[in-house]
Amino acid sequence: MQRNSISKKYQAIIDAMDEAVLLLNRKQRIVLCNKRASILLAWAEELPGADLKKIIASQELSKAVSLVFEGKEQERLTIAVYEGAAGDEAFIKGHGRERTFRMKISLIEEKLAAISISDITKIERLSLVRQDFVSNVSHELKTPLTAITGFAETLTDETLSLEEIKGFARIILKNSSHMQRIISDLLLLTSLDRAEISYSMTTTTDTRIFQEVRSYTQHKANAKETEVLYSSHDKTVTCNESLIVQAVANLVLNAIAYSAERSKVEVSSRVRNGMMEFSVSDEGVGISKEDIPRIFERFYRVDKARSRESGGTGLGLSIVRHIAIIHSGTIKVTSKPGEGSVFTLSIPLS
Ligand SMILES: Nc1ncnc2c1ncn2[C@@H]1O[C@H](COP(=O)(O)OP(=O)(O)O)[C@@H](O)[C@H]1O
Ligand SMILES: [Mg+2]
């Protein structure tokens with residue numbers, strides 16, 4: 001068969017593949033590549049003919065390719081590459097991101113090797129996020145559990161007075177309800193995360209939503225003598241009512257928790273550009289510019305002690321953000337440390 005028709009055949013085969021593929025000659029020059037490879041490596045037409053070292057500058061990779069040409073059946077490797085300037089070690093073309101590539105090198109003819117490349121940057125990051133999450137959850141559950149175990153042990157002491165026993169039982173109760181809150185928030189977050197669950201949407205009004213929010217939150221407001229003012233306009237909105245109630249209630253509970261006693265919280269709604277906006281504003285401690293992007297992360301709190309004191313799990317805003325996303329809506333915050341915060345949840349009217 002003619003050289004030309006062979007390369008046509010190879011081209012057709014690698015074009016049909018899902019992975020990025022490069023074919024190399026013994027000099028480690030690229031002979032053929034598929035479109036995926038041009039896209040992944042950010043080179044348009046210049047790949048065929050180019051030196052592999054110029055495209056992916058990795059000694060590890062060159063060595064692996066040599067081994068394959070010297071008779072090794074196959075080489076697999078995972079390398080971290082940096083987008084940078086030619087001449088740097090482990091660089092590829094681009095703008096400063098770090099990427100992780102998994103590669104397989106195999107000989108397909110005496111003078112021809114194939115490298116298939118998958119970009120596993122995202123998968124790696126997700127698995128890191130997952131590991132972090134598991135370690136966070138364990139840590140969050142461990143703290144109350146340690147208190148429960150400790151005080152339960154103390155309770156076995158037969159010389160305790162009835163008052164002491166009651167006191168320890170109260171601590172155990174407080175810590176176990178904290179664990180229960182963490183677990184039910186986690187279960188809710190997991191179900192909000194599942195794309196396949198579709199939430200039923202019904203028509204309701206801002207006034208109805210606020211009535212429900214009030215019934216969930218008023219005991220906390222009373223305990224801190226917080227004045228919570230609601231203003232709504234009886235406008236209709238289509239949403240999953242119980243989720244929206246939960247989201248707004250989380251914002252109201254935060255406004256109460258992160259404000260001094262006897263302060264004021266305003267809860268209002270308005271319709272703008274086809275969206276219903278629910279705003280909760282407080283005169284509380286506020287949030288610094290650096291913390292604002294982080295408060296929607298799971299378990300992130302600016303002040304851990306204060307959050308725990310108020311019964312927080314560190315998951316409330318993460319839940320609010322998920323509920324906003326499910327409704328194709330947004331959650332925004334403006335805040336000034338020492339002056340207060342305004343959280344605004346917007347969802348489409350229908
Ligand atoms: N209204 C608010 N004012 C000041 N800080 C807030 C407010 N709402 C939330 N925060 C900060 O964001 C963090 C995360 O909130 P959240 O996810 O509800 O967790 P939790 O309230 O359980 O700690 C809180 O710990 C707090 O530091
Ligand atoms: Mg909260």
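**Sheet, helices and cores of the predicted model**

Glu266 stands opposite Ser281 in strand 11. The structure is a predicted model, in which local features need pLDDT of at least 70, side-chain atom pairs count only at pLDDT 80 or more, and totals for chains, interfaces and linings use all residues. Residues are numbered from 1 along each chain as its sequence is written, and side-chain values use heavy atoms, with hydrogens and water left out.

Strand 10 (residues 264–272) and strand 11 (residues 275–282) pair in the antiparallel sense over eight bridges; strands (E, at least two residues) and helices (H or I, at least four) are DSSP runs numbered from the N terminus, and two strands pair if DSSP finds at least two bridges between them. An open sheet of five strands has the order 8-10-11-13-12, with mixed pairing. Strand 8 (227–231) and strand 12 (330–336) each have a single partner strand and stand at the edges, so one side of each is left without a neighbour in the sheet.

Helix 8 packs on the sheet, touching strand 8, strand 10, strand 11, strand 12 and strand 13 (340–348).

The largest nonpolar core has 44 residues, of which Ile209, Ile244, Val248, Phe278, Phe343 and Leu345 touch the most other members. Such a core is a set of buried Ala, Val, Leu, Ile, Met, Phe, Trp, Tyr and Cys residues joined through side-chain atoms within 4.5 Å; buried means under 20% relative accessible area, exposed over 50%, partly exposed in between (1.4 Å probe, protein chains only). Helix 8 (residues 241–257) gives the most to this core, with ten residues.

Thr204, in strand 7 (residues 202–205), is buried, with a relative accessible area of 2%.

Note on methods
Chains are lettered from A and ligands numbered from 1 in the order in which they are written. Contact means heavy atoms within 4.5 Å. Axes are lines fitted to C-alpha atoms, for helices over the stretch in contact, and angles run from 0 to 180 degrees between N-to-C directions.
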